[in-house]
Amino acid sequence: AFAFDGKVYAVPLLTANWVVYYNKKLFDEMGLKPPTTWEEFMANNEALKAKGVTPLAVTIDGRWPAFIMFEEMILRTAGPDFYNKLMAGEAKYTDPEVVNAMTLWKDMIDKGYFTDPGIPFGTGDNAILPLFQGGEVAMIPIGDWYSATLVGGGLVPGEDYDAFIMPNQNPDLPPARG
C-alpha cells in the first residue's frame, strides 16, 4: 500500500482494528449478546429499534467517517479480496458486489438502524459519545483507538462498554476480522 514501482515511500503511523463498540449495560439490560452471525446482528438491531434505541451511530462529519459503513458492507458481503480489487481500480462501483452491499446498507437505513449522519463526531464537538453513554445509541462502528475517547468520557471497559467485530453477512466468506 505504500510502495510504487518497487520502492517504499511511506510507513504507516499505526494500524487499527475496526470494531463495533457496544453499550454493555444496555445489551445486558435487554438480554442481548454480541452477535457472531449476521442474523444475530440484525436481530439485535431490530430489538434495539423496537425499544426506541438507535442501534448504530454513524456520521459523515469530518468526511473520513463516511467510509466506515461502506467498507464494512463491502467486506461483510463480498469479502476483503473484492474490497482490495475495488480500491485498486480492478473492480467497479457498478459491479454486482457493490450494488448488493449498497442495497443491504440502504435497507438498514430505511429500517432506521442509524443515527442522523450529520451528528458531530470529533474530539471538539462529539455528540455521539453522550448518546452512547446515555443508552440512546447502542453501538459505534469505529477503529479500536476510539476506546481512549470512551475512557476519557468516564466509561469503564468491560463494564460500561465492550466490542465485537461486525459479522459477515455472506457465510461463505472467511471469518470476520477487524
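Author: Begin with a group of rings: Y21, W64, W145, Y146 and Y161 make up one aromatic cluster. Everything here is read from a predicted model. Across the whole structure, a search finds 10 aromatic pairs. One of them joins Y22 and F164, with ring centres 5.8 Å apart and planes at 45°, a tilted arrangement. This pair links distant parts of the chain, since Y22 belongs to strand 3 (residues 18-23) and F164 to strand 6 (residues 161-164), 142 residues apart. Y22 counts as buried because its relative accessibility is 6%, under the cut-off of 20%. F164 is buried too, at 7%.

F70 sits in helix 3, whereas Y93 sits in the loop between helix 4 (80-87) and helix 5 (96-110), so the pair ties together parts 23 residues apart in sequence. F70 is buried, with a relative accessible area of 13%.

Now take helix 3 as a whole. The helix covers residues 67-77. Is helix 3 mostly covered or mostly open? Mostly covered: 10 of its 11 residues are buried. These are I68, M69, F70, E71, E72, M73, I74, L75, R76 and T77. An α-helix has 3.6 residues a turn, so residues three or four places apart point the same way. What do the buried residues of helix 3 pack against? The list is strand 3, helix 2 (38-50), helix 4, helix 5 and strand 5.

Take the strands on that list next. Helix 3 lies across strand 3 and strand 5, and runs at about 110° to strand 3. Both strands belong to an open sheet of 4 strands, with the order 4-5-3-6 and mixed pairing. Strand 4 and strand 6 are at the edges and have a single partner strand each, so one side of each lacks a neighbour in the sheet. From one strand to the next, the twist averages 25°.

Strands of a sheet pair through backbone hydrogen bonds, either parallel or antiparallel. Strand 3 and strand 5 are antiparallel, joined over 5 bridges. Y22, the residue from the tilted pair, stands opposite M139 in strand 5. Strand 4 (residues 54-56) and strand 5 run parallel and are joined by 2 bridges. Here T54 faces V137 in strand 5. Strand 5 itself (residues 137-143) is largely enclosed by the rest of the structure, because 7 of its 7 residues are buried.

Next comes a helix that packs on helix 3. Helix 3 and helix 4 meet at an angle of about 130°, and their axes are 7 Å apart. That angle makes helix 3 oblique to helix 4. Their crossing is right-handed. Which residues meet where helix 3 and helix 4 pack? From helix 3 come F70, E71, I74 and L75; from helix 4 come P80, F82, Y83, L86 and M87.

Finish at the end of the helix. T77 lies in helix 3 and is buried, with a relative accessible area of 7%. Apart from its neighbours within four places in sequence, T77 is in contact with E97, N100, A101, L104, Q169, N170 and L173. After helix 3 comes G79, with a positive phi near 95°.

Most residues other than glycine have a negative phi, and most peptide bonds are trans. D5 is not a glycine, yet its phi is positive, about 55°. This residue is in the loop between strand 1 (3-4) and strand 2 (7-8). Is D5 buried or exposed? D5 counts as exposed, because its relative accessibility is 66%, and the cut-off for exposed is over 50%.

Definitions and conventions: Residues numbered from 1 in each chain as written. Predicted model: local features only at pLDDT ≥ 70, side-chain atom pairs only at ≥ 80, totals over all residues. Heavy atoms only, no water. Buried < 20%, exposed > 50% of the residue type's maximum accessible area, 1.4 Å probe, protein only. Contact = heavy atoms within 4.5 Å. Phe/Tyr/Trp six-rings, centres within 6.5 Å; stacked < 30°, edge-to-face > 60°. Pairing = 2+ DSSP bridges. Axes fitted to C-alpha atoms, helices over the stretch in contact; angles between N-to-C directions. Parallel < 35°, antiparallel > 145°, perpendicular 65-115°, else oblique. Left-handed = near helix turned anticlockwise from the far one by under 90°.
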